[in-house]
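Please read this briefing alongside the sequence and the 3D view.

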Amino acid sequence: MIAPAVLDEGTYTGIRTPRSAAALALDGAWHQISPRYVVSQFVQYAIVIVLVAIAAVVAATMFEQTWVWIPAGAFIAINLITLAILPRQAKALGYMLRADDVVFRRGILWQRMVAVPYGRMQLVDITQGPLDRIFGLAQLKMVTAAAATGVQIPGLTQGAAEALRDTLIEVAETRRTGL
């Protein structure tokens, strides 16, 4: 099966792969998410950080609760560390369409690779939050009967998400098993 070209439009150019010699080599081509996902996440985290900072300032000044700086500072520090790691995490996200399944990969230190057989897919869902719509992004979710194998691919362009959904549905219809 040849994947539509729209899956790679506006995405990163090379997926980060494990450096281990024992890593599994899979056939097919890896497709990645859009770099706009990182920008969208930066905006979302910035909004949360600003809201927490405002709440801390209000609590500390108006209600004289100076202890609030400790949890607010810790929360903001954790979010800033997350933002520092986010671009590298985004480059590690990818999916591969193979003959019998779709493989999803994520993670830098704790890597997860999930293969979802086409015939076991029960639902393919596209969701968009308000910021996702502003940045032209979508999240594709594949649901199977086993809860552990449900896969969510964030940061897809709208066109890539729709093309992937249509491709997955078309292939899944021809391979229904165990239903």
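Val58 is partly exposed, with a relative accessible area of 32%, where buried means under 20% relative accessible area, exposed over 50%, and partly exposed in between (1.4 Å probe, protein chains only). This is a predicted model, in which local features need pLDDT of at least 70 and side-chain atom pairs count only at pLDDT 80 or more, while totals for chains, interfaces and linings use all residues. Residues are numbered from 1 along each chain as its sequence is written, and side-chain values use heavy atoms, with hydrogens and water left out.

**Overall make-up**

- The secondary structure of the protein comes to 4 helices and 7 strands, these being DSSP runs numbered from the N terminus (helices are H or I with at least four residues, strands are E with at least two).
- Read from the N terminus on, the elements follow the order β-α-α-β-β-β-β-α-β-β-α.
- The protein has 179 residues, of which 35% count as buried.
- Its accessible surface comes to about 10300 Å², and 62% of that belongs to carbon and sulfur atoms; the areas come from the Shrake-Rupley method with a 1.4 Å probe, and for residues only the protein chains shown count as cover.
- Among contacts between residues at least 6 apart in sequence, 57% join residues at least 24 apart, a contact being heavy atoms within 4.5 Å.

**The nonpolar patch**

- Val58 lies in helix H1, which covers residues 36-61.
- Together with Val50, Ile54, Met62 and Phe63, Val58 forms a nonpolar patch on the surface, with about 500 Å² of accessible area in total.
- Patches are made of residues with over 30% relative accessible area and no salt bridge, where like charges are joined within 9 Å and nonpolar side chains (Val, Leu, Ile, Met, Phe, Trp, Tyr) within 5 Å; a salt bridge is a side-chain nitrogen of Lys or Arg within 4 Å of a carboxyl oxygen of Asp or Glu.

**The sheet of E5, E6 and E7**

- An open sheet of 3 strands has the order E5-E6-E7, with antiparallel pairing, and two strands count as paired if DSSP finds at least two bridges between them.
- E5 and E7 stand at the edges with a single partner strand each, so one side of each is left without a neighbour in the sheet.
- From one strand to the next, the twist averages 20 degrees, with axes taken as lines fitted to C-alpha atoms (for helices over the stretch in contact) and angles running from 0 to 180 degrees between N-to-C directions.
- E5 (residues 121-127) pairs with E6 (residues 137-144) over 6 bridges; Met121 stands opposite Thr144, and Thr127 stands opposite Gln139.
- E6 in turn pairs with E7 (residues 151-157) over 5 bridges, with Met142 opposite Val151.

- Strand E2 (residues 94-97) runs antiparallel to E3 and is joined to it by 4 bridges, and a hairpin of 3 residues links the two.
- On the E4 side, E3 pairs with residues 112-117 in the antiparallel sense over 6 bridges, and Arg105 has Met113 as its bridge partner.
- The hairpin between E3 and E4 has 5 residues between the strands, and Gly107 in the turn has a positive phi of about 105 degrees.

**A buried loop residue**

- Ser34 lies in the loop between strand E1 (30-32) and H1, and at 1% relative accessibility Ser34 counts as buried.
- Leaving aside residues up to four places away in sequence, Ser34 touches Gly10, Thr11, Tyr12, Leu137, Gly155 and Thr157.
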